[in-house]
Amino acid sequence: MTGFENHSVRGRFNAAFFRVMAPYLEGALRARKRRLFADLPSEVVEIGSGVGANLPYMPAEGTLIALEPNRYMHHRLRQAAGRRGIRLELRERMAEQTGLDDHSVDAVISSLVLCSVQDPTAVLAEIRRILRPGGSFRFVEHVVARPGTVTRLAQRVFRRPWAWTFEGCSCERDLEAAVRAAGFAHVEVERYRIATPFLPFNTQIAGVARVAEALS
């Protein structure tokens with residue numbers, strides 16, 4: 001595994017892009033996020049917090065442990081957390097190695113992030129490691145389309161420029177299969193599509209993966 005490259009052009013572009021696109025993305029994903037993030041605990045770990053798109057779902061005066069390797073996102077993330085009164089513990093780390101203790105958190109969230117991590121299998125294993133018994137991983141992600149569809153063709157055609165522009169983001173990952181194979185005790189997944197001019201992005205999943213409860 002190599003380290004994250006804080007590319008001066010890509011990093012700044014993505015920070016600006018996701019700030020500008022936040023209302024559009026929130027509109028497309030709000031219904032799923034409200035359901036999945038409705039009862040988050042007071043302390044949450046987020047993979048790839050970006051500029052703070054999920055801060056509105058945090059409990060008032062809660063704590064967000066934000067894993068965000070793109071330092072060009074950090075200023076806006078800090079500002080957004082400050083406006084909402086969220087205590088921010090910002091870690092410039094990749095999700096494969098969080099630096100958190102075993103079984104130390106109750107909830108991990110991600111949205112539109114597993115597409116761009118270097119090793120999804122390693123990230124999911126790390127999430128399981130840090131979750132307490134009964135803890136949950138809640139996710140909203142875009143995924144590979146079914147074979148033979150127009151979306152699948154677009155994902156293949158645009159995969160290289162898309163990945164370069166969005167810091168390694170792959171449109172071709174079967175993240176549902178990855179989550180189901182990661183060893184969680186229970187996995188719920190909803191597959192859906194969103195209406196978007198960004199065709200490679202329109203196949204999505206949302207769900208919850210839970211760690212087994214402690215034995216009594």
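What you're looking at is a predicted model, where local features need pLDDT of at least 70, side-chain atom pairs count only at pLDDT 80 or more, and totals for chains, interfaces and linings use all residues. Residues are numbered from 1 along each chain as its sequence is written, and side-chain values use heavy atoms, leaving out hydrogens and water. Helices (H or I, at least four residues) and strands (E, at least two) are DSSP runs, numbered from the N terminus.

- Helix α5 spans residues 150-157, and Thr 151, Arg 152, Ala 154 and Gln 155 are buried in it. Here buried means under 20% relative accessible area, exposed means over 50%, and partly exposed is in between (1.4 Å probe, protein chains only).
- The buried residues of α5 pack against α6 (159-165), β6 (186-193) and β7 (203-210), with contact meaning heavy atoms within 4.5 Å.

**A nonpolar patch**

- Leu 153, Val 157 and Phe 158 make a nonpolar surface patch of about 310 Å². Patches are made of residues with over 30% relative accessible area and no salt bridge; like charges are joined within 9 Å, and nonpolar side chains (Val, Leu, Ile, Met, Phe, Trp, Tyr) within 5 Å. The areas come from the Shrake-Rupley method with a 1.4 Å probe, and for residues only the protein chains shown count as cover.
- Phe 158 sits in the loop between α5 and α6, and at 45% relative accessible area it is partly exposed.

**Strand β7 and its partners**

- β7 is mostly covered, with seven of its eight residues buried.
- On one pairing, β7 runs antiparallel to strand β5 (residues 131-142) over seven bridges, and His 142 stands opposite Gln 204 in β7. Two strands pair if DSSP finds at least two bridges between them.
- β7 also pairs with β6 in the antiparallel sense, over eight bridges, and there Arg 193 stands opposite Thr 203 in β7.

**Salt bridges**

- The whole structure has 15 salt bridges, each being a side-chain nitrogen of Lys or Arg within 4 Å of a carboxyl oxygen of Asp or Glu.
- One of them joins Glu 190 and Arg 32, with the closest N and O atoms 2.8 Å apart. Glu 190 is in strand β6 and Arg 32 in helix α2 (residues 22-36), so this pair ties together parts that are 158 residues apart in sequence. Glu 190 is partly exposed, at 28% relative accessibility.
- Asp 39 and Arg 138 also meet in a salt bridge (2.7 Å, N to O). Asp 39 is in the loop between α2 and β1 (43-47) and Arg 138 is in strand β5, 99 residues apart. Asp 39 is exposed at 53% relative accessibility, whereas Arg 138 is buried at 6%.
- Glu 172 lies in the loop between α6 and α7 (175-180), so the pair ties together parts that are 20 residues apart in sequence. Arg 152 is buried at 16% relative accessibility, while Glu 172 is partly exposed at 25%.
- Through shared partners, salt bridges join Arg 152, Arg 156, Arg 159 and Glu 172 into one network.
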